[in-house]
Amino acid sequence: MSNVFVELTTPVTGPYQQPTGLFINNEFVEGVDKKTFEVINPATEEVICSVSEATEKDVDIAVAAARKAFEGPWRRVTPQQRSILLIKLAELCEKKLDLLAAAESLDNGKSITMARGDVGAVIGCLRYYGGWADKIEGKTIDISPDMFHYTRQEPIGVCGQIIPWNFPLLMLGWKVGPALATGNCIVLKTAEQTPLSGLVFAELVKEAGFPPGVLNIISGFGRVAGAALSSHMDVDKIAFTGSTVVGRTIMKAAADSNLKKVTLELGGKSPNIVFNDADIDEAISWVNFGIYYNHGQCCCAGSRIFVQEGIYDKFLAAFKARAEANKVGDPFHPETFQGPQVSELQFDRIMGYIQSGKDAGATVVTGGERHGDKGYFIQPTIFADVHPEMKIVQEEIFGPVCVLAKFSTEEEVIRMGNDTCYGLAASLHTKDLNTSIRVSNALKAGTVWVNCHNLLSCALPFGGFKSSGIGRELGEAALSNYTETKSVAINLGGKMF
């Protein structure tokens, strides 16, 4: 079909062919209603291209393709073959690293350096779960000499996966790795703001040799395609990464349909605690990375910074200088640290929070304004003199904006750190091992970093407490999200009691 590909140019790859169709049954196709939507470059505010928009009809077709594959050829693929396919897919991603990263930067606005890091993490994740594919084991349970009992970990079936716009490829890797390793089939919906890199990835799925229908990737809007996946009666499990508000909607749709299994990785308002004995220079580097990494568009961003009173003034001055040194600009410039926010809607939302902080009487230490006059760029922003009831303290901003507060005692900062409906992540900086263990154990968060922030590994489980989600991604823990435990009891000839 002539309209499935469009030629684009990036400073990294030059011209490349960008798929724009829906990837169903290993082919790029138009939607049933032939609807499309525009993809905007957040650095220039210009249209990159248009891609096919999935409707409920297209979701039905994709789910049927996944079901056919699950009940057919994919069920006959051995665990060892699944391992080989995942590792082959990782190798192809490695060969196409620059292309995948360029599509990500073009579409999302993140710096090319960070985009390359994301692709590297995807490669590692696929290899990691490729290693797990032939190690999904059950147990034998001896409860009677006249019976043989064992358990099997079986794939759930057709999995709907809905990924966000802040880490398009990374979240794709986190989702498909464990789902494919355990033998499931997938219909994955990319975010409407960032569909391009996922469609480039789809080409590699076919090249790697996955049977048609095993992994289907569609572009579309949450209110249409996402809602259709969440409520579909032939989808056995739904996985979502995004806002807590949307997560609640998806959970309700899952319950109101076929009570499909649900995992949710949702929002955060993570505390980042700096004690008097911390190495200030190191702490500032990590605090800066903790909030401004990925333009602040990170669910585990350390956006609430608590500094002990003995070093508060010194820390604030040094942190201000560090934030102002961050390079904001063209995502394809090698020195850029912070590119634009992903969309005009997100830009306006963040600027609204900044205005709210100003109106509430918080002090703007640095930033607080638009950067430049073109693209959705925002200055790295620090607020001080904040109070717990302020919106900028309580609500997830999802941008390059943080609040700084002073504390006196360990007990006080634990209380401050836990004063949120979220519980995704937290970090603390101290040279005292006892302090690090006590505070880590007291913080209500799924991940706690000590003397670092935002360091993730495919081997470590990641997920949240409270309103930050249900279930865990990554590590061995993610495998349980995609398997059902079956108990088998065989009578060896014993009589009834």
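This is a predicted model: local features need pLDDT of at least 70, side-chain atom pairs count only at pLDDT 80 or more; totals for chains, interfaces and linings use all residues.

User: Okay. Where does Ile490 fall, then, and why?

Analyst: Ile490 counts as partly exposed, because its relative accessibility is 34%. It sits in strand E23, residues 483–491.

User: Which residues make up the nonpolar patch on the surface?

Analyst: Phe148, Ile490 and Leu492. Together they have about 270 Å² of accessible area.

User: Switching to charges. How many salt bridges does the structure hold?

Analyst: There are 23. One of them pairs Arg438 with Glu410, with the closest N and O atoms 2.9 Å apart. Arg438 is in helix H14 (residues 433–442) and Glu410 is in helix H13 (residues 410–417), so the pair ties together parts 28 residues apart in sequence.

User: And are those two buried or exposed?

Analyst: Arg438 is partly exposed at 43% relative accessible area. Glu410 counts as buried, at 16%.

User: Which residues are joined into one network by shared partners?

Analyst: Arg67, Glu71, Arg75, Asp234 and Asp236 are linked that way through salt bridges.

User: What about Lys110 and Asp118?

Analyst: Their side chains form a salt bridge at 2.5 Å, N to O. Lys110 and Asp118 are both buried.

User: And Glu154 with Arg152?

Analyst: That is a salt bridge too, 2.8 Å from N to O. Glu154 counts as buried at 17% relative accessibility. Arg152 counts as partly exposed at 41%.

Technical notes
Residues are numbered from 1 along each chain as its sequence is written. Side-chain values use heavy atoms; hydrogens and water are left out. Patches are made of residues with over 30% relative accessible area and no salt bridge: like charges are joined within 9 Å, nonpolar side chains (Val, Leu, Ile, Met, Phe, Trp, Tyr) within 5 Å. Accessible areas come from the Shrake-Rupley method with a 1.4 Å probe; for residues, only the protein chains shown count as cover. A salt bridge is a side-chain nitrogen of Lys or Arg within 4 Å of a carboxyl oxygen of Asp or Glu. Helices (H or I, at least four residues) and strands (E, at least two) are DSSP runs, numbered from the N terminus. Buried means under 20% relative accessible area, exposed over 50%, partly exposed in between (1.4 Å probe, protein chains only).
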